[in-house]
Amino acid sequence: MKRIISLLLSLLMVLALFTACTPANNNGDANGEPDEVVEPGEEDADVIKIGVFEPLTGMNGGGGLQELGGIEYANKMYPEVLGKKIELVVVDNKSDKGEATTAVTRLIEKDKVVAIIGSYGSAVSIAAGDIIRDAQVPTVAPSATNPMVTQGNDFYFRACFLDPFQGEVMATYAIEQGAKTAAVIMQNGDDYSVGLANFFINAFKKLTGDDASVVDVSEFQLNEADFNAILTNIKAKNPDVIFAPSAATTAPLIIKQARDLGIESLIMGGDTWENPAVIDVAGEDAEGIVLSTFFDENDPATEEANVFVEGYKKELAGKEPIIPAVAALGYDAYILVRDAIERAGSTDGVAIRDALKETKDFEGVTGIINFTEEGDADKNVAVIKSVQDGQFVFIDSVEVK
Amino acid sequence: MTSELLLQQLANGISLGSLYALLAIGYTMVYGILRLINFAHGDIFMMAAYFMVFSIVTFRLPWYIAIVVVIIVTIALGVLLEKTAYKPLRNAPRMSIMISAIGASFLLENLATYLFTGVPRGFPDIRILTTTVELGSLSLTVATLITPFVTLILLYVVLFITNKTKIGMAMRAVSKDFETAKLMGININQVISTTFVIGSALAAVGAILWGSRYPSVMPLMGVMPGLKCFIAAVLGGIGNATGAVLGGFILGMAEIMLITFLPSLTGYRDAMAFVILIVVLLVKPTGLLGEKVTDKV
């Protein structure tokens, strides 16, 4: 018995050796001499590598996969730049801040990508920010909404609106629906959730003119499943709305437990909630929840959007009922990066960064894109959606000046 | 603080506590026999939740048959885990088997991520369990109501097996002295397998009740409950099934009461569990009901 096990183990080790060697050999062939020091981006003569830095597992795995879908579709539509093929190098940051720095370092040091797209989730994007700035690799985040992602970082851009804006949109919507009081639930340690919750609280207090209008603020931790205690406290205070920005994995738990406890308040969330998993898991209890998002497939803003909706809808047929907004943003991030490389005429990080900065009236699928000084897409329209009959439906688009 | 709020929170606490208790029994039994902290226990629990999803959603079994199937498959997984990850290391140093347990835990988590992706699956809605019952101003699901009773009944069954049956006597003997029990002709492998059978069956029942209350099934769903239940087992005195249930109730109640009376500290809920663990280890290292044993290490 022992002998068989040790035999199996050694076999495994030998196999591991071979598999580990395969990519290294490829590199060696492409480079000629593997020991030779090569400039980033110039090692492969016929491909240009763009890194994709997304959470494919962990609490944001669902959203990360949706975003990746959009990026891959864009790559299929526009596979070339400067006469060379674009190769996407996908790494999984596992929705974890520690993994995020490792993943992005791998993209830069090992894969020597010329630009990066990602990530879904602000916390991981912020964690990777310093490495990206120091390595001077221009990066576009499709859907990271926290202001700190691009703040003070010359190489980080984003294709979506920001949380101060989103918080205000949701507060405005809640008040339009007649809400006088609100309770807020946020995830301790998640920059997205805490950031968006606080912007909502500030906006709600400002708009109602009453500091006591936010009746309860509760926090929870990563991987928490039990919200009964928090929600029982909230129920006693009977708020008109509950705002709970959180990952798509957590959202249905909050929604379902609230309804089980007999809470009838309007429940609202942020852009992460536009995920079929929320409806799948929460079932009937998801009816009537409200969320803000970036894009609506029924209201294409540009010509590019028309083509995208028609083409991507076919790709998704049978898998997802609607085009997720983050897929549209992933698509935009890819074509923004490709356009910048084309205009820069080189794969030099600083040149691409400068080209990105000069982006003017770029026609993306989520609207016309210009970057602000900070590198944020200058957008002032958010889409508000609700759930009816097990589907996300468009309610309103809100413009804030 | 209104009385109905307090009552609702008490119900929340008892129900959460009894879920912790179900899992804690599994930890404590394996520790009692093998002196091994089975880190993969939380992941067995996670797999049981996935089995439930597949048997009802994919294979369309009626819920009462699905429950039986899930318990059997989970037991098979638990025993398989013991045979492959722990049995070959039975004579190895304690540390090796512990590392093997951690490895098994990661293996199951990553296998689940690979097979089922990180996107959460909805736990099938078993109407009988998820119906809401209004008791005065209290609003409880049937699952919440029956969980404490299920836990107490299963605790009774476990105590009956360990104290009144032949295999139970063997288990107690192995737990007291592994080597001597072996010399006395006790079939060690059978005893250990039985331990894993009981532990995994309880994990499966726990997963079904857990899923009915917290219906999001994902690869890392077992991590937090696993840790908390381990704390519950240590709190009650690891190796003692009654202690594990007591520890589970105390831990669940403590968490809920923290949120009820100190709402500003809701973010410290997990920290609270670990603080309790540290205090117990400092004041009474053997736990509330733990026996004083001289460790042979």
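Figure 1. The structure shown here and in the following views is a predicted model. B:T242 has its place in helix α11 of chain B. Leaving aside residues up to four places away in sequence, B:T242 touches B:L155 and B:L289.

**Figure 2. Chain B as a whole.** Chain B contains 12 helices and four strands. Along the principal axes, the C-alpha atoms of chain B fill a box of roughly 60 × 50 × 35 Å. The radius of gyration of chain B is 19 Å, which agrees with the value near 19 Å that a compact globule of 297 residues would have. Of the 297 residues of chain B, 51% count as buried. Contacts in chain B between residues at least 6 apart in sequence join residues at least 24 apart in 75% of cases.

**Figure 3. The side of chain B that touches chain A.** Contact between the chains involves 33 residues of chain B and 33 residues of chain A. On the chain B side, at least two residues each are supplied by α1 (3–34), β3 (138–141), α10 (223–236), α11 (241–261) and α12 (269–283) of chain B. Helix α1(B) gives the largest share of this side, five residues. By residue class, the side of chain B that touches chain A divides into 15 nonpolar, 15 polar and three charged residues.

**Figure 4. Crossing of helices α7 and α9 in chain B.** Two packed helices are described by the angle between their axes and the distance between the axes. For helix α7 (residues 166–176) and helix α9 (residues 188–213) of chain B, the axes come within 10 Å and cross at roughly 100°. An angle of 65 to 115 degrees counts as roughly perpendicular, and α7(B) and α9(B) are therefore roughly perpendicular to each other. From α7(B), the residues B:I167, B:A170, B:M171 and B:V174 meet B:I188, B:V191, B:T194 and B:T195 of α9(B). The residues of this contact comprise six nonpolar, two polar and no charged.

**Figure 5. The hairpin of β2 and β3 in chain B.** Strand β2 (residues 132–135) of chain B is joined to β3(B) by four bridges, and the two run antiparallel. B:T132 stands opposite B:T141 in β3(B). Two residues lie between the strands of this hairpin, in which B:G136 takes a positive phi near 60°. Strand β3 (138–141) of chain B also supplies at least two residues of the side of chain B that touches chain A.

Figure 6. Seven strands of chain A form an open sheet in the order β8-β7-β9-β10-β11-β14-β15, with mixed pairing. Its edge strands, β8 (214–220) and β15 (391–399) of chain A, each pair on one side only. On average, neighbouring strands of this sheet are turned by 25° against each other, direction ignored. Helix α6 (residues 191–208) of chain A packs on the sheet and touches β7, β8 and β9 of chain A. The direction of α6(A) makes about 165° with that of β7(A). Within the sheet, strand β7 (residues 182–187) and strand β9 (residues 241–243) of chain A pair in the parallel sense over three bridges. A:V184 has A:F243 in β9(A) as its bridge partner.

Figure 7. Most residues other than glycine have a negative phi, and most peptide bonds are trans. A:S95, in the loop between β3 (84–92) and α3 (97–110) of chain A, has a positive phi near 55°. A:S95 counts as buried because 28 C-beta neighbours lie inside 10 Å. B:R60, found in the loop between α2 (41–58) and α3 (63–86) of chain B, likewise has a positive phi near 55°. B:R60 counts as exposed because 8 C-beta neighbours lie inside 10 Å. The peptide bond from A:G118 to A:S119 is cis, with omega near 10°. A:S119 lies in the loop between β4 (115–117) and α4 (122–135) of chain A.

Conventions:
Residues numbered from 1 in each chain as written. Chains lettered and ligands numbered in written order. Predicted model: local features only at pLDDT ≥ 70, side-chain atom pairs only at ≥ 80, totals over all residues. Contact = placed C-beta atoms within 7 Å. Nonpolar A, V, L, I, M, F, W, Y, C, P; charged D, E, K, R; others polar. Pairing = 2+ DSSP bridges. Axes fitted to C-alpha atoms, helices over the stretch in contact; angles between N-to-C directions. Parallel < 35°, antiparallel > 145°, perpendicular 65-115°, else oblique. Rg over C-alpha atoms; globule rule 2.2 N^0.38 Å. Buried ≥ 20, exposed ≤ 12 C-beta atoms within 10 Å, placed from the backbone.
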